[in-house]
Amino acid sequence: MNPDMVYLEEVSKLYRRMAEMWGGEINRDDPDSLEALGGGFNVTLEALQDKEKRGKIVRKIREFAEVSDQIIRLIR
């Protein structure tokens, strides 16, 4: 591997973390994954209208943002 691109290993770990946070096929058993919380691609109006569920979804999306920021810092 090119020594100038060692950071890509950490970037890859962060993307794997995001996949785990998403849930679905990759992390089916995590009740805290975005899919399990009902906030994935098929989010329903019912899930968004439920204050408790919506709060959990928002926290998970913010966690995604934090990981995304870490990726950006590594790439820059």
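This is a predicted model: local features need pLDDT of at least 70, side-chain atom pairs count only at pLDDT 80 or more; totals for chains, interfaces and linings use all residues.
**View 1. Helix H1 and its buried face.** H1 has 16 residues, which at 1.5 Å a residue should span 22 Å; the C-alpha atoms at its ends are 23 Å apart, in agreement with that expectation. Val 11, Leu 14, Met 18 and Met 21 are the buried residues of H1. Seen down the helix axis, these buried residues fall within an arc of 75°, so they line one face of H1. The buried residues of this helix pack against H2 and H4.

**View 2. The largest nonpolar core.** This core consists of 11 residues, among them Val 11, Leu 14, Leu 34, Ala 47, Ile 57 and Phe 64. Helix H1 (7-22), helix H2 (34-37) and helix H4 (51-75) are the elements that each give two or more residues to the core. In soluble globular proteins, nonpolar side chains tend to be buried together.

**View 3. The surroundings of Leu 34.** Leu 34 belongs to the largest nonpolar core. Apart from its neighbours within four places in sequence, Leu 34 is in contact with Met 21, Trp 22, Gly 39, Gly 40, Ile 57, Lys 60, Ile 61 and Phe 64.

**View 4. Leu 48 in helix H3.** Leu 48 is part of helix H3, which covers residues 45-49. Its relative accessibility is 36%, and Leu 48 therefore counts as partly exposed. Beyond its neighbours within four places in sequence, Leu 48 is in contact with Val 43 and Arg 54. The C-alpha atoms of Leu 48 and Val 58 are separated by 9.7 Å, and these residues stand 10 residues apart along the chain.

Note on methods. Residues are numbered from 1 along each chain as its sequence is written. Side-chain values use heavy atoms; hydrogens and water are left out. A nonpolar core is a set of buried Ala, Val, Leu, Ile, Met, Phe, Trp, Tyr and Cys residues joined through side-chain atoms within 4.5 Å. Buried means under 20% relative accessible area, exposed over 50%, partly exposed in between (1.4 Å probe, protein chains only). Helices (H or I, at least four residues) and strands (E, at least two) are DSSP runs, numbered from the N terminus. Contact means heavy atoms within 4.5 Å. The expected span of a helix is 1.5 Å times one less than its number of residues. The arc is that of the directions from the helix axis to the C-beta atoms.
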